[in-house]
Amino acid sequence: MTSLKKLVAGNWKMHGLSSDLAEIRTIAEQARGYPQVDVALCVPSILIERAARAVPGFAIGGQDVHYAEKGAHTGCTSALMLLDAGAVLTIVGHSERRDAQRESDAEVKAKAESGLLVGLNVILCVGESLDLRECGKAVESVTGQLDRSLPGNLHGEAELAIAYEPIWAIGTGKIPTTGQIAEMHAAIRARLRECYGADGARVRVLYGGSVKASNAGEVFSITDVDGALVGGASLMAGDFIPIVAAAGAVEGAASIA
Ligand code: PEP
């Protein structure tokens with residue numbers, strides 16, 4: 001089986017001011033040294049246009065998108081608005097939004113579909129709580145989330161990626177064992193094949209949750225891990241680029257083999 005090109009995407013969450021554009025420039029410049037890896041930064045919506053102008057050709061994304069094309073949705077951002085601002089991708093269904101904004105799987109599915117429809121690449125997040133992990137229901141709960149939130153079909157050029165992000169690993173420094181990651185990614189990959197047939201094989205499955213330079217190499221070497229969604233360690237080039245380099249090293253090894 002041929003491996004998919006790795007994607008390392010940073011999620012800046014609610015971080016980023018004009019004064020941080022210099023860091024985004026540094027990240028984009030240094031990422032150019034790893035053409036074997038796709039690299040992206042998902043920044044606050046208000047920073048997207050300035051970030052995209054600061055780093056032409058580098059992938060800037062949003063962190064959420066509304067499911068409606070336009071209308072009476074105060075404070076929300078449509079997929080076309082993201083594109084118009086210069087974004088090429090967006091995250092949907094991050095657990096922080098599922099929790100704080102009470103986003104349902106059905107809403108996440110509609111958001112993913114609205115992004116793909118206009119040509120935005122979409123990273124759809126799923127992941128289990130600690131309770132579900134501890135009672136042995138992690139795989140069942142994540143595949144259930146997927147069944148309810150995967151977009152109906154994959155059409156056009158825009159790409160879907162899935163980010164498996166155990167809630168208990170986000171921002172905590174805790175990370176599942178390689179066996180737990182491998183088991184979950186294999187289950188997600190199987191669901192993607194069932195849902196999309198041959199097209200499911202080109203959907204990248206990212207791992208997210210406390211990825212940093214010291215564990216990235218091990219994470220990227222796990223079968224079916226096609227990249228990472230990185231929170232805290234994406235804010236500074238000094239933390240983020242070593243993660244990109246780790247993805248590049250695995251990618252290089254894969255193409256030599
Ligand atoms: C995230 O919020 O998507 C994330 C993976 O965060 P962190 O890397 O900080 O755990």
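A polar contact is a pair of N or O atoms within 3.5 Å; within protein, one must be able to donate a hydrogen and the other to accept it, and residues adjacent in sequence count only if both atoms are side-chain atoms. In this structure, a backbone N or O atom of G171 lies 2.7 Å from an oxygen atom of the ligand. The model is predicted: local features need pLDDT of at least 70, side-chain atom pairs count only at pLDDT 80 or more, and totals for chains, interfaces and linings use all residues. Residues are numbered from 1 along each chain as its sequence is written, and side-chain values use heavy atoms, with hydrogens and water left out.

**Ligand site**

- The protein buries 94% of the 300 Å² that the ligand exposes when taken alone (Shrake-Rupley method, 1.4 Å probe).
- The ligand has 14 residues around it (a heavy atom within 4 Å).
- Those that come nearest are K13, E165, G171, S210 and G231.
- E165 places a polar side-chain atom 2.8 Å from a ligand oxygen atom.
- G232 has a polar backbone atom 2.9 Å from an oxygen atom of the ligand.
- By class, the shell holds eight polar, four nonpolar and two charged residues.
- Here Ala, Val, Leu, Ile, Met, Phe, Trp, Tyr, Cys and Pro count as nonpolar, Asp, Glu, Lys and Arg as charged, and the others, Gly among them, as polar.

**Salt bridges around R97**

- The structure holds 17 salt bridges (a side-chain nitrogen of Lys or Arg within 4 Å of a carboxyl oxygen of Asp or Glu).
- One of them joins R97 to D64, at 3.1 Å from N to O.
- This pair links distant parts of the chain, 33 residues apart.
- R97 sits in helix α4 (residues 95–100), and D64 in the loop between β3 (59–62) and α3 (79–85).
- Helices (H or I, at least four residues) and strands (E, at least two) are DSSP runs, numbered from the N terminus.
- R97 also meets E103 in a salt bridge, at 2.7 Å from N to O.
- E103 counts as buried, at 7% relative accessibility.
- R97 is partly exposed, at 23%.
- Buried means under 20% relative accessible area, exposed over 50%, and partly exposed in between (1.4 Å probe, protein chains only).

**Salt bridges around R204**

- R204 forms a salt bridge with E159, and their closest N and O atoms are 3.4 Å apart.
- R204 is buried, at 11% relative accessibility.
- E159 is partly exposed, at 34%.

**H155**

- H155 is found in the loop between α7 and β6.
- Its relative accessible area is 33%, so H155 is partly exposed.
- The C-alpha atoms of H155 and L117 are separated by 7.8 Å, though the two residues are 38 apart along the chain.

**Cysteines**

- The structure holds zero disulfides (a pair of cysteine sulfur atoms within 2.5 Å).
- For C76, the nearest cysteine sulfur is that of C42, 18 Å away.
- C76 is partly exposed, with a relative accessible area of 38%.
- C135 is also partly exposed, at 48% relative accessibility.
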